[in-house]
Amino acid sequence: MPNSITSYFPILVGKKESYVNSVLEVIQLTYISFALRLLFRDRLYSMAYGLVGALVFTFFLLAIRIHFHLYGGVSLTSIVSFDQSPQILFYATSFALMALFFFHCLHGLGDIGVMMAIGGNRLGCIWLHSLSLFFLFLPSFLLAIIINLAGLNPPPDFGIFGELKSIFSCLVLFIALGFLVSVPTIGISSYIDPYKSIRRQK
C-alpha cells in the first residue's frame with residue numbers, strides 16, 4: 001500500500017488464474033474498489049447496518065431541521081424541554097450514529113489484522129476502513145433525506161434555503177463524526193497484534 005492516504009492509484013495487484021485457459025489475469029484494486037469489495041463481501045451485515053443507519057439519520061436530520069427553523073442554525077447551548085427544543089433528539093441521534101460507526105470499525109478488526117500481518121501500513125488501513133464506513137452509511141443518509149423531504153413536512157415559512165442548509169449541515173456533521181470515530185478506533189486497532197486480532201475476529 002502507498003503511504004499517501006489520499007491516493008486513488010492501485011494499492012494491490014493480485015493474480016487470478018482461469019482454469020479454463022490457464023491464463024493469469026492481473027487485478028488492480030484502488031482504495032475505493034477495495035472498500036466496496038469489503039462491503040459486498042458482508043452483504044447481510046451491510047444491509048442491516050444501513051437500515052439502522054437510515055432510521056437514525058432520519059431523526060438526526062429532523063433534529064437539525066428543527067434547529068434551523070427555531071434558531072436559524074444548530075444551537076446546542078440551552079436545553080429547555082423535548083417538546084420545545086430539539087437538543088435532546090440531536091444528542092441522542094449523534095451518539096447513536098457514533099455507536100454505529102464505532103461498532104462498524106470494530107467489525108473490521110480481523111481485516112485490519114490481515115492487512116497488518118502482510119505488511120500494510122496504518123495510514124492505508126485508516127483510509128480504507130474510513131472509506132468503507134462512508135460508503136456503507138451514505139445510502140442511509142440519502143434515504144433519510146428522502147424520508148424527511150417526502151414525509152416530514154416543514155413549517156410553511158421554512159423554505160428551500162433552510163432545507164439546503166439543514167442537509168448540508170447534516171452532511172458535514174456526518175463526515176466529522178465519521179472521522180472522529182474511525183481514525184482513532186482503526187488507528188488503535190492497527191497497533192493490536194495482527195495474529196491476535198485475526199484469531200479474535202475469525
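**Exercise 1.** Determine how much space lies in the second largest pocket and which residues line this pocket.

*Solution.* Step 1: the second largest pocket holds about 160 Å³ of space. A pocket is an open set of points on a 1 Å grid over the protein atoms alone, where a 1.4 Å probe fits, with protein on both sides within 12 Å along at least five of seven lines; lining residues have an atom within 4 Å of a point. The volume is the space filled by probe spheres set on the points.

Step 2: the lining consists of Leu36, Leu39, Phe40, Arg43, Ser46, Met47 and Leu136. Five of these residues are nonpolar, one is polar and one is charged.

Step 3: helices α1 and α2 each give two or more residues to this lining; helices are DSSP runs (H or I, at least four residues).

The model is predicted: local features need pLDDT of at least 70, side-chain atom pairs count only at pLDDT 80 or more, and totals for chains, interfaces and linings use all residues. Residues are numbered from 1 along each chain, and side-chain values use heavy atoms, without hydrogens and water.

**Exercise 2.** State whether Ser46 is buried or exposed, and which residues Ser46 touches.

*Solution.* Step 1: Ser46 lies in helix α2.

Step 2: the relative accessible area of Ser46 is 11%. Buried means under 20% and exposed over 50% (1.4 Å probe, protein chains only), and Ser46 is therefore buried.

Step 3: leaving aside residues up to four places away in sequence, Ser46 touches Leu39 and Leu136, where contact means heavy atoms within 4.5 Å.

How values were computed
Nonpolar A, V, L, I, M, F, W, Y, C, P; charged D, E, K, R; others polar.
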